[in-house]
There are 2 protein chains.
Amino acid sequence: MANKSRALAQRMLLLCRQETKAYSLWRRTTIPIACQGHLIKPSIMHLRFSLNVNKHSTCTTGSSSLSLRSHTCGELRPADVGDEVTLCGWVQYLRQDLFLIMRDFSGLAQILIPQDEAKLHLKTALCDLPPESVIKVKGTVRLRPDGQDNKEMATGEIEVLAESVEILNVCRKLPFEIKDFVKKSESLRMQYRYLDLRSSQMQYNLRLRSQLVMKMREYLCNVHGFVDVETPTLFKRTPGGAKEFVVPSREPGRFYSLPQSPQQFKQLLMVAGIDRYFQVARCYRDEGSKPDRQPEFTQVDIEMSFVDQAGIRGLIEGLVQYSWPVEKDPVSTPFPCMTYEKAMKDYGVDKPDTRFAMKLMDISKTFHNTEIEFLKDALNQPGGCIQAICVPDGAKHLKSKDHESLKQTARTQFGQEVSVVLVKADGALKSPLNRLMPASAKQQLLQMAQARPGDLLLISAGTQECVRPLLGKLRLQCAELLEGSGVAVRDPSAFHFLWVVDFPLFLPKEEDPDQLESAHHPFTAPLLEDTHLLYSQPHKVRGQHYDLVLNGCEVGGGSIRIHKASDQQHVLETILKEDPSLLSHLLEALDSGAPPHGGIALGLDRLLSIIVGAPSIRDVIAFPKSFRGHDLMSRAPDFVSEDELKTYYTSLSTGQQEAKGTRRNRHCCCCYTFVLKLRLDSYYRWIYIGEMQDDIVP
Amino acid sequence: MANKSRALAQRMLLLCRQETKAYSLWRRTTIPIACQGHLIKPSIMHLRFSLNVNKHSTCTTGSSSLSLRSHTCGELRPADVGDEVTLCGWVQYLRQDLFLIMRDFSGLAQILIPQDEAKLHLKTALCDLPPESVIKVKGTVRLRPDGQDNKEMATGEIEVLAESVEILNVCRKLPFEIKDFVKKSESLRMQYRYLDLRSSQMQYNLRLRSQLVMKMREYLCNVHGFVDVETPTLFKRTPGGAKEFVVPSREPGRFYSLPQSPQQFKQLLMVAGIDRYFQVARCYRDEGSKPDRQPEFTQVDIEMSFVDQAGIRGLIEGLVQYSWPVEKDPVSTPFPCMTYEKAMKDYGVDKPDTRFAMKLMDISKTFHNTEIEFLKDALNQPGGCIQAICVPDGAKHLKSKDHESLKQTARTQFGQEVSVVLVKADGALKSPLNRLMPASAKQQLLQMAQARPGDLLLISAGTQECVRPLLGKLRLQCAELLEGSGVAVRDPSAFHFLWVVDFPLFLPKEEDPDQLESAHHPFTAPLLEDTHLLYSQPHKVRGQHYDLVLNGCEVGGGSIRIHKASDQQHVLETILKEDPSLLSHLLEALDSGAPPHGGIALGLDRLLSIIVGAPSIRDVIAFPKSFRGHDLMSRAPDFVSEDELKTYYTSLSTGQQEAKGTRRNRHCCCCYTFVLKLRLDSYYRWIYIGEMQDDIVP
């Protein structure tokens with residue numbers, strides 16, 4: 001066995017050498033400078049004529065296989081000194097007509113431009129070359145002279161003495177420089193996304209995304225026998241699918257719908273006996289303008305038969321661990337698990353950020369006999385309570401404008417008041433409440449809240465349903481405010497995964513609290529011990545749902561599904577008052593031998609944005625849409641003629657024909673700024689007059 | 001290092017054993033029969049309560065990891081005899097109240113139902129169980145008694161003596177049996193796709209698809225450093241994109257478009273320096289009713305920078321070889337390569353099926369001095385010729401009704417006549433032409449066509465543009481007719497890959513032959529030696545396009561792209577007369593430092609259907625649409641209310657409101673057969689009255 005593989009390796013090596021030799025011979029025929037001419041050197045013509053024998057550039061693997069280059073810019077090291085290399089890439093900058101810094105995705109390399117008379121044509125060609133032009137350089141790797149090393153640069157010990165240069169494309173003037181330290185507005189980045197993606201951060205983000213997904217696939221397919229199945233995106237509108245894009249068909253009145261997730265299909269695949277399904281699935285959600293959402297997004301969609309909650313959770317823990325970037329600290333499993341009830345009690349939110357404490361505390365007892373009117377009122381109402389969070393060193397670091405912003409949040413987002421209590425260095429309280437509280441109460445308050453001198457307390461009174469989310473929100477705001485003033489609250493390199501379980505299966509409808517709606521979706525199975533309540537007190541039923549939370553963000557959610565048609569029918573018809581005929585195919589499927597099954601979906605964009613520390617999911621998506629759903633580069637969505645719409649038996653609603661006409665005025669599609677069409681160079685460019693309105697962030 | 005990994009392995013093993021022990025203890029608490037009750041046994045409740053410690057079912061890898069089963073049905077072998085196993089799956093059938101054949105995706109296993117009094121409850125529960133019900137069986141593997149082996153069954157040497165059984169779901173009566181030999185109409189298969197997918201053929205097709213794509217990803221990502229990048233599907237209508245679905249946005253008059261391919265994005269990614277991109281991309285094409293097309297389909301989309309034709313072709317050859325199913329004969333590389341001109345000359349088509357000969361032959365010379373009027377006329381017109389194909393043993397096997405069907409094809413599809421000439425056993429010709437031809441011409445004809453006694457000649461006269469495609473078509477039809485009468489023409493296990501290159505870059509527009517249109521798309525670069533013709537005689541330019549053909553089907557196509565803005569501008573504006581402002585973002589990108597680049601897209605559905613020998617791409621897609629674009633299972637596309645459309649500022653065209661109303665009449669969505677809604681069992685089912693009209697095949 002060992003012998004056989006050794007022999008194979010030797011044969012491969014020999015083959016590589018032969019081909020490399022042929023290739024370098026072939027490369028030697030390059031005409032040194034073909035500036036402004038056609039990109040591919042004449043020797044390729046020769047190659048083309050011998051197409052039938054299918055000669056390949058090289059036979060090696062890796063980033064430079066089958067390529068016009070021999071190496072990438074960023075990989076050259078002192079070990080390569082003496083080698084003749086061919087690099088292809090972009091002109092980063094020129095220095096003193098002597099050095100050219102060349103870039104490709106892998107990094108930078110310094111090219112030394114020969115200064116002797118015989119090579120003057122090289123110097124002439126390169127010196128006027130605008131940055132970001134594309135070149136091919138053949139040369140020899142050499143060590144930089146003593147003292148000229150650049151420790152900041154991965155290839156800083158070497159340089160390449162150019163022997164020939166080919167200019168593959170000349171770059172015109174760009175709207176911004178491709179340098180990481182040059183700050184650009186996000187709308188400009190989006191408009192010239194193909195330039196923005198050249199930045200090392202975006203290259204890293206997209207490459208990490210690719211690698212992470214590849215590892216996930218290996219884990220699911222190769223380790224656990226999952227089947228990657230593609231499900232349709234031209235589907236049927238689901239009941240209550242108000243957020244679904246519609247796609248007119250060629251039949252009058254009929255529309256496809258772009259699904260928000262492959263939920264129905266993944267369940268049908270379980271009924272079909274696929275056993276283990278996954279898909280990196282494109283999903284669609286038309287929510288208008290919501291911060292940091294995208295009309296199309298990606299989820300890692302997973303479903304298994306004959307599995308329980310623990311099985312799915314174990315799978316996901318393994319998945320995260322397996323695919324976790326090697327350059328980050330490894331994650332440890334199992335992930336901690338918390339009930340919904342506990343999350344709400346301690347953190348005031350169903351996706352707690354457990355990287356820091358500042359938990360909610362019930363301090364009702366302290367005010368049991370209080371004379372303070374608003375606290376007394378709060379305690380007297382049904383479900384009333386007084387709760388607090390203690391912000392360590394909050395009195396020290398938070399300024400009065402911070403106090404105001406916290407109160408503002410409480411007022412505007414929750415219609416509530418919040419009391420700010422500072423604990424002074426001597427342990428005394430500073431607060432309007434101070435005078436109204438007896439000393440014993442103050443003592444008890446400090447004790448219950450475990451507050452020390454220098455801390456700050458935020459106190460809220462009201463119903464539990466109101467107080468918890470309010471303090472949950474203020475807790476996060478305090479963390480941000482503290483971090484803003486330089487206090488380390490959350491470790492930016494820490495990744496705290498958490499399962500949240502035992503969610504309620506149904507919630508009262510906002511518009512009609514007597515009616516119930518699904519907390520997640522109508523296919524979630526109840527907890528076994530709550531099943532009997534489904535037919536008597538459905539509002540008390542907890543579901544077999546689980547959310548995966550990372551650093552306070554929901555990055556995944558799933559459930560064990562109802563797999564019996566009768567239960568599903570009851571939930572849809574009796575509890576949710578939905579028309580079950582809209583899901584007749586699913587009901588019928590459940591009655592055709594459906595196995596018990598469950599699954600999960602991970603939000604890939606969100607997960608990645610947290611891993612790379614990006615402020616927005618837009619930073620891990622190659623071509624994201626703006627806040628208003630526009631592609632600022634291509635100007636989608638765009639106008640379509642009435643004629644084209646006729647195929648689909650649709651037309652613009654009355655009055656919209658006029659709106660359509662504005663295109664003739666060159667009304668900018670994304671920001672209602674007028675633009676002017678000018679003819680520049682040899683093709684059309686659009687020049688925006690005035691500052692472009694940024695519609696990226698809300 | 002070796003020690004460290006051995007220690008790790010030992011630890012893993014220990015952990016597995018502990019967990020397995022815990023798990024089998026836990027399994028032993030199963031109540032033997034929980035028929036009709038809730039699926040998950042009470043012991044799971046116990047598991048659920050200990051969720052916080054995250055106990056997993058098992059810690060092993062493979063198809064039964066993290067599952068309620070210990071093994072799959074199809075994997076049991078004599079080596080497992082004596083083991084206690086837990087199987088989960090479907091009841092295939094019962095035999096003599098003694099044997100239960102159980103199925104999962106991996107195969108069948110025979111369960112022996114104990115006959116003793118103490119286990120009577122098992123027998124009672126199982127004997128009335130309808131086929132396709134879902135059960136969990138715990139039992140012990142034993143050898144079948146002598147002589148009871150089943151050689152046809154992979155698990156035919158063993159059986160499982162049941163100790164306990166749990167009925168997880170009872171199946172109602174199904175529209176068809178899940179047995180491979182039961183033939184169903186395709187519309188019935190589509191309507192109950194979740195049942196159809198249980199067949200071993202469909203399980204094989206979908207699993208092979210998953211594995212093939214996984215191997216492709218490994219090759220691209222891990223071997224050649226490609227980056228998997230997802231590109232948007234909500235995009236902007238492209239010039240001439242008449243086949244694009246539109247998606248109304250929430251802005252008056254503005255529509256997204258579902259792209260036919262990520263062509264623009266892949267090129268922009270090259271400009272962005274991604275260097276090597278691939279994506280298993282969902283694409284959309286609204287072509288109405290075309291045979292064996294789908295409104296959404298999948299392509300393996302690839303683009304590389306700094307590469308030439310040979311590089312891309314080498315990459316794809318390696319890709320196919322690497323991902324090729326192990327159970328098929330390996331494919332050898334490099335693939336043969338043929339110019340477009342040669343393909344048309346020899347095979348009359350640009351995607352020749354090279355599994356058999358029957359090449360086109362020019363026999364004009366034979367009739368140089370002919371007196372036969374229609375042949376003389378043909379030769380006298382510009383570009384006129386007489387060509388033939390020789391069908392070996394065609395005179396022997398093809399009947400006169402076959403001759404008629406060949407003539408019919410010529411007439412209806414090409415408006416041409418074709419002459420059928422039989423070569424009799426004695427070498428004499430049988431044909432209306434026979435009397436009109438001098439003996440020398442007959443001799444020459446037989447010689448030129450290399451025809452032997454028993455062969456059949458098809459002769460066509462006219463312009464080359466007309467004769468070649470006609471004979472190309474008849475060549476394929478002859479192969480089918482011969483195969484229909486039992487002659488082996490094409491080896492069904494043979495896979496003939498072929499590159500076709502040197503296509504014309506432009507073709508005359510059908511509606512206006514003075515105008516040119518792109519043969520493939522406007523981004524294809526010309527051959528270097530033809531570049532100068534771009535500005536003088538564009539109709540003579542050949543493109544750097546390459547098609548990958550497999551067994552006479554196009555399974556891929558790509559090109560080296562134009563990477564200079566000025567060339568692209570010239571092609572769009574001067575040659576194609578398109579408005580270049582519609583592609584201004586791409587033109588601008590090419591002028592911002594675009595590297596030379598090229599790529600290819602493989603049609604995954606088509607490739608797979610050929611590999612598995614399926615008659616249609618629908619057989620390698622989990623949930624395909626019917627010929628008319630319907631999902632027969634969910635009845636998509638469906639009606640959407642005017643109210644819902646208002647969000648998108650669209651409305652149904654005049655008169656369509658009425659059409660919409662037909663839903664109230666329960667008009668069947670897919671076949672214009674009236675349907676009746678009945679309440680059956682405990683939920684709604686639709687019963688179709690009469691035979692359902694099959695709209696699957698044209």
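This is a walk through a predicted model, stop by stop, with something to select at each one.

**Stop 1: the two chains together**

Start by colouring chain A and chain B separately. Where they meet, 185 residues of chain B are in contact with 186 residues of chain A. The size of an interface is often given as the accessible area lost when the parts come together. Here the two chains bury about 15900 Å² between them, with 55% of that on carbon and sulfur atoms. Now select Glu230(B), Arg254(B) and Phe306(B): these supply 5% of the area that chain B buries against chain A, more than any other three residues.

Which helix gives the most to the side of chain B that touches chain A? Select residues 200-223 of chain B: that is helix H6, and it gives twelve residues. If you colour the side of chain B that touches chain A by class, you get 92 nonpolar, 48 polar and 45 charged residues.

**Stop 2: charges across the interface**

Side chains of opposite charge can pair when their charged atoms come close. A search of the whole structure turns up 85 salt bridges over all chains, and 14 salt bridges cross the interface of chain B and chain A.

Then show Asp638(B) and Lys236(A), another salt bridge, in which the closest N and O atoms are 3.3 Å apart. Asp638(B) sits in strand E23 of chain B, while Lys236(A) is in the loop between strand E6 (227-228) and strand E7 (245-248) of chain A, so this pair joins two chains.

**Stop 3: strands that cross over**

Stay with E23 of chain B. Strands of a sheet pair through backbone hydrogen bonds, either parallel or antiparallel. Select residues 638-639 of chain B and residues 254-258 of chain A: strand E23 of chain B and strand E8 of chain A pair in the antiparallel sense over two bridges. Look for Arg254(A), which stands opposite Phe639(B).

Now select E23(A), E8(B) and E7(B). In that order they make an open sheet of three strands with antiparallel pairing. Strand E23 (638-639) of chain A and strand E7 (245-248) of chain B are at the edges, each with a single partner strand, so one side of each has no neighbour in the sheet. Four bridges join E7(B) to strand E8 (residues 254-258) of chain B. To see one bridge, pick Val247(B) and its partner in E8(B), Tyr256(B).

**Stop 4: a barrel in chain B**

What kind of barrel do the strands E1-E2-E3-E5-E4 of chain B form? It is a closed barrel of five strands with mixed pairing, and the twist averages 55° from one strand to the next. Zoom in on strand E2 (residues 99-104) and strand E3 (residues 107-112) of chain B, which run antiparallel and are joined by six bridges. Asp104(B) stands opposite Gly107(B) in E3(B).

**Stop 5: one arginine in a loop**

Hop over to Arg355(A), in the loop between helix H9 (340-347) and strand E12 (361-362) of chain A. Among the residues that Arg355(A) touches are Val489(A), Asp491(A), His496(A) and Asn551(A). Phe495(A) is 140 residues away along the chain, yet its C-alpha atom is 8.0 Å from that of Arg355(A). The side chain of Arg355(A) also makes a polar contact with the side chain of Asp353(A), at 2.8 Å.

**Stop 6**

Most residues other than glycine have a negative phi, and most peptide bonds are trans. In chain B, find the cis peptide bond from Thr333(B) to Pro334(B), with omega near -5°. Pro334(B) is in the loop between helix H8 (309-323) and strand E11 (337-339) of chain B. Another cis peptide bond joins Ala636(B) and Pro637(B), with omega about -5°. Pro637(B) is in the loop between helix H17 (604-611) and E23 of chain B.

Finish at Lys577(A), which has a positive phi of about 55° although it is not a glycine. Lys577(A) is in the loop between helix H15 (565-575) and helix H16 (584-590) of chain A.

Note on methods:
Residues are numbered from 1 along each chain as its sequence is written. Chains are lettered from A and ligands numbered from 1 in the order in which they are written. This is a predicted model: local features need pLDDT of at least 70, side-chain atom pairs count only at pLDDT 80 or more; totals for chains, interfaces and linings use all residues. Side-chain values use heavy atoms; hydrogens and water are left out. Contact means heavy atoms within 4.5 Å. Buried area is the accessible area (1.4 Å probe) that two parts lose on being put together, summed over both. A salt bridge is a side-chain nitrogen of Lys or Arg within 4 Å of a carboxyl oxygen of Asp or Glu. Ala, Val, Leu, Ile, Met, Phe, Trp, Tyr, Cys and Pro count as nonpolar, Asp, Glu, Lys and Arg as charged, and the others, Gly among them, as polar. Two strands pair if DSSP finds at least two bridges between them. Axes are lines fitted to C-alpha atoms, for helices over the stretch in contact, and angles run from 0 to 180 degrees between N-to-C directions. A polar contact is a pair of N or O atoms within 3.5 Å; within protein, one must be able to donate a hydrogen and the other to accept it, and residues adjacent in sequence count only if both atoms are side-chain atoms. Lists of a residue's contacts leave out its neighbours within four places in sequence.
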